[in-house]
Amino acid sequence: SQNFVERGIASWYGTKFHGRRTSSGETYDMYAMTAAHKNLPLPTYVQVTNLDNGRQIIVKVNDRGPFHENRIIDLSYTAAIKLDIVKQGTGLVEVRALEAGQAPAVAKPDVGAPVEVSNDKTEGFYIQVGSFSELANAEQLRQRLQPLNQQAVKISQAVVNGDAVYRVRIGPLTDIDMADSIVSKLADYGIVEHRIVVN
């Protein structure tokens, strides 16, 4: 978990799982400040920031999930309320693992109050479907995906270890349901792996 930071889509889980056993052996309490993550060590304390409104919380990861392919973390009901994502069901977040001694010092009663994240408001997110060292290969994939969403399929160039990399991305998107719909069609185009990228 050291230096672990990721951005993506959060969801939450509630009454259906309340009182059931979590992967760590604890009982799931939808009113506690906990979360499920696919691969962080159990337990790990993480700071979760809602990238749309700047709210921050600290939760204890004590369960495995989420099992929806586009989500990076499942929050307890109370944690989702504090981040203000219960109504929509999902939200764009940053998950940052805290060091061993950090969690108790930061977890104060005012957790969940709005804070400044940055001056840049999140302007959506992308579905990255490929990364190539050759522009021609990226262009070939972009052309193949045009029927999905013509204006949204783009190639972005980056430099990694001194080499140019061409990433094929769909976006920017602001609607998570629309992103889920696009992802459900990717297999029809031969795409079996993708990732959500939040700038």
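1. Surface. The protein exposes about 10900 Å², and carbon and sulfur atoms supply 47% of that area. This value, like every other in this note, is computed from a predicted model. Buried residues account for 44% of the 199 residues in the protein.

2. Secondary structure. Four helices and 10 strands are assigned in the protein. Read from the N terminus, the order of elements is β-β-β-β-β-α-β-α-β-α-β-β-α-β.

3. Contact range. Where contacting residues lie at least 6 apart in sequence, 72% of the contacts join residues at least 24 apart.

4. Largest nonpolar core. In soluble globular proteins, nonpolar side chains tend to be buried together. Here, the largest nonpolar core holds 24 residues, and the members that touch the most others are Phe125, Ile127, Val129, Leu145, Val168, Ile170 and Leu186. Two or more residues each come from strand E7 (125-132), helix H3 (135-145), strand E9 (163-173), H4 and E10. Helix H4 supplies the largest share of this core, five residues.

5. Second core. A separate core of 18 residues is also present, with Leu40, Leu75, Ala79 and Val93 among its members.

6. Largest pocket. The space in the largest pocket comes to about 330 Å³. Its lining comprises 19 residues, of which Asp52, Gln88, Thr90, Gly91 and Ile176 are the closest to the centre. Strand E6 (90-97) and helix H4 (176-186) are the elements that give two or more residues to this lining. The most comes from E6, with three residues. By class, the lining of the largest pocket contains five nonpolar, eight polar and six charged residues.

7. Second largest pocket. About 280 Å³ of space lies in the second largest pocket. Among the 14 residues that line it, Glu6, Arg7, Ile72, Arg195 and Ile196 are the closest to its centre. Strands E1 (5-13), E5 (71-76) and E10 (195-198) each give two or more residues to the lining. Strand E10 provides the largest share, four residues. The lining of the second largest pocket divides into four nonpolar, four polar and six charged residues.

Key
Residues are numbered from 1 along each chain as its sequence is written. This is a predicted model: local features need pLDDT of at least 70, side-chain atom pairs count only at pLDDT 80 or more; totals for chains, interfaces and linings use all residues. Side-chain values use heavy atoms; hydrogens and water are left out. Buried means under 20% relative accessible area, exposed over 50%, partly exposed in between (1.4 Å probe, protein chains only). Contact means heavy atoms within 4.5 Å. Accessible areas come from the Shrake-Rupley method with a 1.4 Å probe; for residues, only the protein chains shown count as cover. On a 1 Å grid over the protein atoms alone, a cavity is a set of points where a 1.4 Å probe fits but cannot get out, and a pocket is an open set with protein on both sides within 12 Å along at least five of seven lines; lining residues have an atom within 4 Å of a point. Grid points are joined across faces, edges and corners, and a volume is the space filled by probe spheres set on the points. Ala, Val, Leu, Ile, Met, Phe, Trp, Tyr, Cys and Pro count as nonpolar, Asp, Glu, Lys and Arg as charged, and the others, Gly among them, as polar. A nonpolar core is a set of buried Ala, Val, Leu, Ile, Met, Phe, Trp, Tyr and Cys residues joined through side-chain atoms within 4.5 Å.
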